[in-house]
Amino acid sequence: MAVTTHLTWLHEKILQNHFGGKRLSLLYKGSVHGFCSGDLLDRCYNQGPTLTVIYGEHRIIGAYAEESYQERKAASIILFALQETKISEWKLGLCTPERLFCHDNVKYNSTTNFQIELRNRKVIMGSKTTEDLGLVQNCTISIQDCEVFRCEDLLDERKIKGVTELRKSLLSALRTYEPYGSLVPQIRILLLGPVGAGKSSFFNSVRSVFQGHVTHQALVGTNRTGISEKYRTYSIRDGKDGQYLPFILCDSLGLGEKEGGLCRDDIFYILNGNIRDRYQFNPMESIKLSHRDYIDSPSLEDRIHCVAFVFDVNSIEHFSSQMIVKIRRLRRELINAGVVHVALLTHVDSMDLITKGDLIEIDRCVPLRSKLEEVQRKLGFALSDISVVSNYSSEWELDPVKDVLILSALRRMLWAADDFLEDLPLEKQVDVFDGVEALKESGNQRKEIIKCAQGRKLICERFT
């Protein structure tokens, strides 16, 4: 059976970040390997920097060794105390591991001010040390358990190499991707979400990865106001050969509270391919059928093949009831219309205590997993349909970890689009929107059943 730590995820992250962003690998656990200093040192000699964690009845204390423990050789030791989410430290200075762990009957020395007696299950420290660590005046602490961890860089050479190879593999797969059945030359992905969620930033990030340097073609606003007021369809040239990539990212006005933001009718016009690039949205009313940017007879390649809902991971818990109702209603209508959709969470790197190492192992990141479950609970998305990214915003250079998240999210969107295309009944190919004339003669509230290029029936509610 694998030996596991007593540390909670939160306490482990606090210690990791406090001591320089280290990954902790458990070497020794007293309750498993025995409370004997000889056994501890046998497991911990020559292991590089180590972190010793002592679990008392009401507190966690310990010692961080900046160099490997070596027999009879002093190492620089930093003592710490972890109380709830606050950590305090005191530099003990140079100390041999034998003296620190009371090995070979080395007795407590008042000049050392700190000693771990495993055999007697207690920690002895001087009053000055106790005070500097912010502990109550109790110079002896009973040991409930003791653990020692090897401290390694979160992104060591092996992990960086793995991330770089994965980035290369994803780039190759996306550059050579072909839409299902070659039914369309490019997949169209609509980015939908609240104002300021990071839709335009995601496009900029995707373009940056394929260009090989950070770019900002789409203007980006603030979290409160956003800046996208036009419908934009962005084709991206590959920086490697100058060819257009097999997908188009479509950006739009953000979803607002209540009646603000992108009109509901405009969403379905976009889905159907009725709106041209650069159309200026009017939050108060949808596009007129007589407008010069209205397309009467769009083809399948003009249609949206996948919708990506974009949310700021830090805003999910603050969504109003109106926003939740609006998104859930949109999802129901998309499902009824047969339009595939996924979710994209942005700004994951801004979450408390999240490190770059966590972005490599998203599945093991406890607070991020709770965010995914919150999206599932509040908005109804399946966990398998949710991707996370860290967009480029203020960076000057590309980061392979960010690139992998961005490319993985894009690949998931293309897979979803393939599902949409594969589900179209090929034996019933007809002209797109052959009932468009009926649209122009509609009443105040109507349901249109519009035939798309592959015979699918799309039911849209229209209000005029």
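**View 1. Strands β4 and β5 are joined by 9 bridges and run antiparallel.** Here β4 covers residues 75–83 and β5 covers residues 86–95. Strands are DSSP runs of E with at least two residues, helices are runs of H or I with at least four, and both are numbered from the N terminus. Two strands count as paired if DSSP finds at least two bridges between them. Look for S76, which stands opposite L94 in β5. The two strands form a hairpin with 2 residues between them, and E84 in the turn has a positive phi of about 60°. A word on what you are looking at: this is a predicted model, in which local features need pLDDT of at least 70 and side-chain atom pairs count only at pLDDT 80 or more, while totals for chains, interfaces and linings use all residues. Residues are numbered from 1 along each chain as its sequence is written, and side-chain values use heavy atoms, with hydrogens and water left out.

**View 2. Three strands make an open sheet in the order β6-β7-β8, with antiparallel pairing.** At the edges are β6 (114–117) and β8 (140–142), each pairing on one side only. From one strand to the next, the twist averages 15°; axes are lines fitted to C-alpha atoms (for helices, over the stretch in contact), and angles run from 0 to 180 degrees between N-to-C directions. Between β6 and β7 (residues 122–125) there are 4 bridges, and F114 has M125 as its bridge partner in β7.

View 3. Contact means heavy atoms within 4.5 Å. Zoom in on β10 (residues 187–192) and β12 (residues 244–251): these strands run parallel and are joined by 4 bridges.

View 4. A pocket is an open set of points on a 1 Å grid over the protein atoms alone, found with a 1.4 Å probe, with protein on both sides within 12 Å along at least five of seven lines; lining residues have an atom within 4 Å of a point. Of its 23 lining residues, I362, D363, V388, L405 and S408 lie nearest the centre. Two or more lining residues come from each of α6 (157–175), α10 (356–360), α11, β15 and α12 (400–422). Helix α12 gives the most, with 8 residues. The lining divides into 14 nonpolar, 4 polar and 5 charged residues.

**View 5. R167 sits in helix α6.** Its side chain makes a polar contact with the side chain of D403 (2.6 Å); such a contact is a pair of N or O atoms within 3.5 Å, where within protein one must be able to donate a hydrogen and the other to accept it, and residues adjacent in sequence count only if both atoms are side-chain atoms. Leaving aside neighbours within four places in sequence, R167 is in contact with V209, L398, P400, D403, V404 and L407.

Technical notes:
Ala, Val, Leu, Ile, Met, Phe, Trp, Tyr, Cys and Pro count as nonpolar, Asp, Glu, Lys and Arg as charged, and the others, Gly among them, as polar.
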